[in-house]
Amino acid sequence: MAETLSGLGVSPGRAAGRVCRMAGPPELPAPSPVTDADAELGRAMNALRATVFELEARAEKAPDAEARAILEAQSFIADDPGLHESVETNIRSGKDAAHAIDEACAHHRRALLAAGGYFAERAADLDDIRNRAVASVLGLPVPGLPDPGHPFVLVAADLSPADTVNLDPGTVLALVTEKGGPTSHTAILARARGLPAVVACRGAGDIGEGTWVAVDGLRGEVEVGIGEEAAAGIQRRAEADRRRAGTVRGPGRTSDGHPVKLLLNIGSAADLAPRDRAPSPEGAQGPEGVDAEGVGLFRTEFLFLDRREEPDREEQVAAYAAVLRAAPGGHVVVRTLDAGTDKPLPFLGLAEETNPALGVRGLRVSRVRPEVLDTQLDAIAEAARETGTEPWVMAPMVTTVAEAADFAGRARARGIARVGAMIEVPAAALRAGRLLEELDFLSIGTNDLSQYTFASDRQHGELADLLDPWQAALLQLIADCAAAGRAAGKPVGVCGEAAADPLLATVLVGLGVTSLSMSAPGISPVRESLAAHSLERCRDNARIALAADDPGQARKAIVPDR
């Protein structure tokens, strides 16, 4: 009899197939006596260096800037002097190389989890570093993706960025993990590859190798023991959905013509392939076209990640100009540096904090390093002049009206005309109307807004359900922001990952959101979902979702139109 497991659907789509499980981490042998500490230290350092080189090599071959930045950040952790010092201390106290690496990684892992926020998100990266380095020391194969010779559903405790980057959608039908959350690297990279994915799935560890399962990445459900015939039927329907994908062309709109801009989230110009061009007036574009209407979130921090020195103005101008030239329709929303002690950048020199997620991050960095923001705004303005474009520029982690006014003044003094803010803090959502008296637009980052609304760490597996974007409290804050935008006659968009959920997109439009920004694979399914719903139906969906007591109830109450 089939059994249904529940988790968090983080990448929409349905798929079915036989399960293949990731191999477990390399097991440690019994401790061995160390007779030559220097030689043992050399073995350990060689293993860590080999891990760094492997991650750097994978980063160079990464398919997009976001994946490349994630792998580069992981290699930076493997090369961290603090980690190496811990390994050396363990070896000098008599531990062999494998146990020294294992204990050093465990120590740093505990520290990352205790720090919370972005640091906690790096715990899975450190686990992967441990496994690679220990395997290298012991001369064992590095744990990696299975290769059964047929398409399969991958089930794992969690996936490292290095493994997720290498997922082949032609072989891996779907992804199910026991750990993780909607903003984990596993979720982000699965969405970028268009793989149906369910994370934080309780009971996934008990699914046997070769079991037939069906995965619903929208509803967060995994049906176990369905049988081969049922799996084949699901795959046929999924293939029909893929063939139908892209048949709706042109700008985003509901079935009765209400416009909703569909935009891209990117990290650099490398993410803007030639296919991501503006739609033609007739909507006629080749099947390879993404048909995006612009860039709704340009994450500029990818230029800064793991830099020991701040990129100078000239380098920044070149990077921003490249995006402004390549963006479909010339529309780009640039987010200024979203960093700080929860996304550490060495050149910033910020002090350590006991609670980084509630500390100096995003726009707050300008309180202690104002020149970093000033240089960035200067570079954006110069790139705009060079390219003859008019970027929209927004700041992350805006909390008060005073912060919004200060940022707007600094940007407009440099000739930047369209200035906005990310809504990631409930205080800002509650004061959206006043913010819009100072700003030209708002963009809602649902990932952080969920975290702060529900006081739930984005990587706490036991609390992952609180971060479900269908939570009514989150939707109410979005509705309040959209209402403020309507009253002011100014746009309010969503650029968090919730925008890529085709059914939730109808709810967001019904709440009054004017644009949705997401990774490229989400554009076509969201466009088709909107095209199948009238504006009034979207508003009905919004009312249903706001009235629901829990996300599961909301999903079941809203049936997609076909």
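This report covers the strand pairing and helix packing of a predicted model.

## Basis

The model is predicted, so local features need pLDDT of at least 70 and side-chain atom pairs count only at pLDDT 80 or more, while totals for chains, interfaces and linings use all residues. Residues are numbered from 1 along each chain as its sequence is written, and side-chain values use heavy atoms, with hydrogens and water left out.

Helices (H or I, at least four residues) and strands (E, at least two) are DSSP runs numbered from the N terminus. Two strands pair if DSSP finds at least two bridges between them.

## The barrel

Eight strands form a closed barrel in the order β9-β10-β11-β12-β13-β14-β15-β16, with parallel pairing. From one strand to the next, the twist averages 25°. Axes are lines fitted to C-alpha atoms, for helices over the stretch in contact, and angles run from 0 to 180 degrees between N-to-C directions.

Strand β9 (residues 261-266) pairs with β16 (residues 515-518) in the parallel sense over 4 bridges. Within β16, Leu516 stands opposite Leu262.

## Helices across the barrel strands

Helix α10 (residues 313-326) lies across β9, β10 (295-299) and β11 (332-335), and runs at about 160° to β10. Helix α13 (residues 401-412) lies across β12 (392-395) and β13 (418-423), at about 145° to β13.

The 12 residues of α13 should span 16 Å at 1.5 Å a residue, and this agrees with its end C-alpha atoms, which are 16 Å apart. The expected span is 1.5 Å times one less than the number of residues. Buried residues (under 20% relative accessible area, 1.4 Å probe, protein chains only; exposed is over 50%, partly exposed in between) of α13 are Val401, Glu403, Ala404, Phe407, Ala408, Arg410 and Ala411. They pack against α11 (365-368), α12 (370-387), β12, β13 and α15 (432-438), where contact means heavy atoms within 4.5 Å.

## Helices α17 and α18

Helix α17 (residues 472-488) packs with α18 (residues 502-511) at an angle of about 40°, and their axes are 8 Å apart. That makes α17 oblique to α18; angles under 35 degrees count as roughly parallel, over 145 as roughly antiparallel, 65 to 115 as roughly perpendicular and the rest as oblique. Leu475, Ile478, Ala479, Ala482 and Arg486 of α17 make the contact with Leu504, Val507, Leu508 and Leu511 of α18.

## Pairing of strand β3

Strand β3 (residues 14-21) is joined to β7 (residues 212-216) by 5 bridges, and the two run antiparallel. Trp212 in β7 is the bridge partner of Arg18. Strand β3 also runs parallel to β4 (residues 152-156), joined by 3 bridges, and Leu154 in β4 is the bridge partner of Cys20.
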